[in-house]
Amino acid sequence: MPPVKAIYGGLPDKPPGSFDGELLAFAEDLRSEGMAVGTSEMLDAFDALALIEWQSSSDFKETLATTIAKSPEDRRVFDLVFERFFFRAAEAQAVRLSVSEPQSRAGSDELDLEALRRQIAQALEDGSESELRDLARLAIAAFGKGEGSGVLGVDVQRIRRALGLRTEPQPDLPSDDPRHDGLPREQLRRFEQHLRRELERGLIERTQALPPKRPLSDLDRSLPGGPVQDLAAVHKVVAQLRRRLASQGHELRGANRHAHVDVRATMRASLQTGGVPVELKFRPKRPRRPELFVLCDVSTSVTSASTFFLSVLHALHDVFRKQRSFVFIERISEVTEIFQRERDFRAAATAVSRDAGVADISGYTDYGRVWTEFLAEIESELHPRATVIVLGDARTNGRPPREDVFAAIAAKAGRTFWLNPEPRLYWNYGDSVISVYEQYCEAFECWRTDQLEEFVKALTKPTVR
Amino acid sequence: MAENPISVQDVAEGLQSVGYLPGESTALVSFLAAKLGKPVLVEGPAGVGKTELAKALAKYLGRELVRLQCYEGLDEAKALYEWNYRKQLLRIQAEVGGTGWDEVQDDIFGEEFLLARPLMTAIASKQPVVLLIDEIDKTDQEFEAMLLELLSDFQITIPELGRIEATTHPVVILTSNNSRELTEALKRRCLYLWLDYPELEHELQIVRMHTPELPETVARKLVDVIRMVRELDLKKSPSIAESIDWARALLLLGAREIDQDVFRQTLSVIIKHRTDLDIVAERVGVKLEPASAA
């Protein structure tokens, strides 16, 4: 059946050679998803596999994981690829040897659907993996008959709805029904995975061919988490930022980073031992303290990003002592004190919007005015070791950008960075004038934490002056 | 003590016998570490028992634990070895005039004048040891680079003496709180273990193991509450050690039930920030039963 093969990708040309070959193919699969798997890691994996019993699939998987996946993010990708790879490998082999799963129990038409619903809900509460898998098959037999839409995701959702499985409470059900208080989200997700697999297995059996490999999406890849974790992630990245900035001073000193003997103190200490310098005194190492000036746009055009920006600002305040922060719309207003006083982010955010007193007549950003005021206020404090960070979208609303004043600021400060919450695609469209500022500073697009990490990397790259 | 574990099951039981309840992958990775002789990099949030794992392993394997606590600015002199400068000076003074320069020079850079620091101790030890390099993420990248030779070949090069090779194979555990990315080179040389907060049942077992006298119902409730607290956005989430502390505190107070009163009184055992205290009292405290009238 050539046409079917053309659609579904067919089988790999050759049957699996040896076990080693199959593992290497797995490594190749991991690499194609962007994980760095080195030869030395594979060697370790083989060494380690020689030591364990293979009866337990979880031991096998953990062994591979511990030797190959070396960060939580990698581990996440590893789990997904492991699942995909070995499922496909097993199915391909099954098709080759024409093994097929026995059709699900006869007489499924007479299944008591309501009982099945409750049984599945119960299993979701406390069931084991294999029980979930069996029930997924039953569910497909009962609800997934015939009229498959051809799109797995759609079928999965249709069956889930037919089963009445929801995470939110369903008060109209009897109170001893597990669905009464809503089902645990994680369990439901696992059940959906089982459904998807069983549907896929059925499809492969019918067509005798493997569907094309589905690359991982960004959604799969990202670690599960909500807005709370986002805030934590920002704090984590900023903590890294501080560490890198703090150690930067050492790096720049190059060969001089060894301790210097403090002759005066050594001689003084030697008086105790009759003039023999038994105790060496060293000059203390003083890491350079970076000084930060942060300007944050809080106007309406960046409303969606301003929570993110404020949390960045908040996190920065957590780790830097010498930092002055300003928020601006038409004029600037210093908020350093608010952030120093309020340890809680939510309280700080409300305090900023309440007391900051951003003189805000039109609600439109006036960058030219902001630069002039900023320069007037802190001109005497800017010096080559200061770092200025601007958080804003560079939309001037048609007002003069006054890049000459901005250039003066950039020239006085050691380094100047611009974080723009808009995707690079939109830069310089409409009233965005980021390009006139970009010649005086380094501009980054920054609306996700991983971009913030990129910025941290760039910020802490050793500078050659 | 089992010198040489033969199976993962062995290690799991062994660790349990010294008071550490390993998760499935923990036992497996420990087993592989002992067998392959590769260092293990353990990462995870603070207080999930990373350091405890090293201690338990040392106890189980019957080895001495050599610990290097890392901090910002740690250098070779504190981690590897240092020349005992004072002793060298005294030596030179004692010999004044008597011997020639060459002789003294050979003499003062001998092993006698070497101050062994933790890494050196671990390498040179006659008995195999467990080496714990704690919070590696606190050091600078340069220090990591220095570790590479030690971790892959178990040897140290001292310019004046030459190479010192390990006579026995230490089990090396590195821990990190993930406050910065470690270099690829370091990761490549290690097995990787991610320790997270344990599953509910697992944590219950841990608590029961440390405070067997605590009534089961209270222990279960305690673990439940801890779980709820961890889901909040806190400055510092309660660790396993703090669950155990809490269990002990409840035991001392003779609590039969965790109600709002008990919770309020003992909250400070698990929560260590003032702002966190407010959040937890507000979000979790109210879900508990009000104190019984008695």
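Me: How many residues of chain B are in contact with chain A?
Reply: In this predicted model, 25 residues of chain B are in contact with 32 residues of chain A. Two residues count as in contact if their C-beta atoms, placed from the backbone, lie within 7 Å.

Me: Which elements of chain B supply at least two residues each to that side?
Reply: Helix H2 (24-36), helix H5 (85-94), helix H9 (184-188) and strand S9 (191-194) of chain B. H2(B) gives the most, with seven residues. Helices (H or I, at least four residues) and strands (E, at least two) are DSSP runs, numbered from the N terminus.

Me: And by class, what is on the side of chain B that touches chain A?
Reply: That side has 11 nonpolar, four polar and 10 charged residues. Nonpolar covers Ala, Val, Leu, Ile, Met, Phe, Trp, Tyr, Cys and Pro; charged covers Asp, Glu, Lys and Arg; the others, Gly among them, are polar.

Me: What numbering and cut-offs apply here?
Reply: Residues are numbered from 1 along each chain as its sequence is written, while chains are lettered from A and ligands numbered from 1 in the order in which they are written. As this is a predicted model, local features need pLDDT of at least 70 and side-chain atom pairs count only at pLDDT 80 or more, whereas totals for chains, interfaces and linings use all residues.

Me: Switching to the sheet in chain A. What is the strand order?
Reply: The order is S3-S2-S1-S4-S5-S6, six strands in an open sheet with mixed pairing. Strands pair if DSSP finds at least two bridges between them. Strand S3 (332-334) and strand S6 (442-445) of chain A are the edge strands, each pairing on one side only. From one strand to the next, the twist averages 20 degrees.

Me: Do S1 and S2 of chain A run parallel or antiparallel?
Reply: Parallel, with six bridges joining S1 (residues 291-297) to S2 (residues 323-328) of chain A. A:Leu295 has A:Phe326 in S2(A) as its bridge partner.

Me: What does helix H16 of chain A touch?
Reply: Helix H16 (residues 367-378) of chain A packs on the sheet and touches S1, S2 and S3 of chain A. Its direction makes about 35 degrees with that of S3(A). Axes are lines fitted to C-alpha atoms, for helices over the stretch in contact, and angles run from 0 to 180 degrees between N-to-C directions.

Me: Which residues does A:Glu373 contact beyond four places in sequence?
Reply: A:Glu373, which lies in H16(A), is in contact with A:Arg331 and A:Ile332. Its C-alpha is 9.6 Å from that of A:Ser333, 40 residues apart along the chain.

Me: Why does A:Glu373 count as partly exposed?
Reply: Because A:Glu373 has 19 C-beta neighbours inside 10 Å. A residue is buried with 20 or more other C-beta atoms within 10 Å of its own, exposed with 12 or fewer, and partly exposed in between, with C-beta atoms placed from the backbone.

Me: And A:Glu379, buried or exposed?
Reply: Exposed, because A:Glu379 has 11 other C-beta atoms within 10 Å. A:Glu379 is in the loop between H16 and strand S4 (386-391) of chain A.

Me: Where is confidence lowest in chain A?
Reply: In helix H1 (residues 2-8) of chain A, at a mean pLDDT of 42, while helix H3 (residues 39-49) of chain A is highest at 89. pLDDT is the predictor's confidence in each residue, from 0 to 100. Chain A averages 74, and 68% of the residues score at least 70.
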